[in-house]
Amino acid sequence: MSIHFQQLSNFIWSVADLLRGPYRPPQYERVMLPLTVLRRFDAVLASSKEAVLKRHAELSSKGIANIDAILNNLAKDEDGTPLGFHNHSQLDFQKLKGDPDNIGQHLARYIDGFSENIRRIFDRFNFEQEITKLEESNRLYQVVARFAEIDLHPRTVDNITMGLVFEDLIRRFNEAANET
């Protein structure tokens, strides 16, 4: 497991090469942590994505406004356990790569498709600012494409390994900032 976690952490850290210039090493976390979280959510939601999209369309066409709770129960893991969050956007990481010229707009729309509890996470990251900064420096598509290459599905990367990856990344960010 430790080799796998280290390989995964190294791969994610390698994305930092794309951030050099617009970001200094202590600032890499502004992009890498939210995108790691976003990619994990994307993978977790994949198995119930179609059911959520279909139900979202039905509820929206009837004018039902407060649908988060319904869709949160509909989004399930592979064991059938409700996840407590959902994404009703037609987009996912693979589809985001399909339109490089509008990647910033699509990524923001994808994040807006999450249930409110998940959108708040990205609000705390102030991730819209980072999307704009990456787009202005012509790095956003490259970074998203790299994250789309990794499979962070719990079947591939269990929760313990994912936790180790986050710990390692945070350690690296702190070292880059010369913090203890």
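Start with the aromatic rings: there are 10 aromatic pairs. Rings of Phe, Tyr and Trp (its six-membered ring) pair if their centres lie within 6.5 Å; planes under 30 degrees apart are stacked, over 60 edge-to-face, and the rest tilted. This is a predicted model, where local features need pLDDT of at least 70, side-chain atom pairs count only at pLDDT 80 or more, and totals for chains, interfaces and linings use all residues. Residues are numbered from 1 along each chain as its sequence is written, and side-chain values use heavy atoms, with hydrogens and water left out.

**Stop 1: Trp-13 and Phe-173.** Select both rings. Their centres are 5.4 Å apart and their planes are at 45°, so the pair is tilted. Trp-13 belongs to helix H1 (residues 2-14) and Phe-173 to helix H11 (residues 159-176), so the pair ties together parts 160 residues apart in sequence. Helices here are DSSP runs (H or I, at least four residues), numbered from the N terminus. Now colour by accessibility. Buried means under 20% relative accessible area, exposed over 50%, and partly exposed in between (1.4 Å probe, protein chains only). Trp-13, at 21%, counts as partly exposed. Phe-173 is buried, at 1%.

**Stop 2: Phe-41 and Phe-85.** This aromatic pair is also tilted, with 5.0 Å centre to centre and 50° between the planes. Phe-41 sits in helix H3, Phe-85 in the loop between helix H5 (68-74) and helix H6 (93-96); the two are 44 residues apart. Both are buried. Now widen the selection. Ring pairs join Phe-41 and Phe-85 with Phe-93, Tyr-110, Phe-114, Phe-122, Phe-125 and Phe-127 in a cluster.

**Stop 3: the core.** Which residues have the most contacts inside the largest nonpolar core? Pick Leu-38, Leu-107 and Val-143; the core has 49 residues. Such a core is a set of buried Ala, Val, Leu, Ile, Met, Phe, Trp, Tyr and Cys residues joined through side-chain atoms within 4.5 Å. Helix H3 (residues 29-45) gives the largest share, nine residues. Centre on Leu-38. Beyond its neighbours within four places in sequence, Leu-38 is in contact (heavy atoms within 4.5 Å) with Phe-93, Leu-107, Tyr-110, Ile-111, Phe-114 and Phe-122.

**Stop 4: Lys-133 and Tyr-23.** Lys-133 lies over the face of Tyr-23, 4.2 Å from the ring centre. The rule asks for NZ of Lys or CZ of Arg within 6 Å of the ring centre and within 35 degrees of the ring normal.

**Stop 5: Asn-126.** Find Asn-126 in the loop between helix H8 (116-124) and helix H9 (127-136). Its relative accessibility is 43%, so Asn-126 counts as partly exposed.
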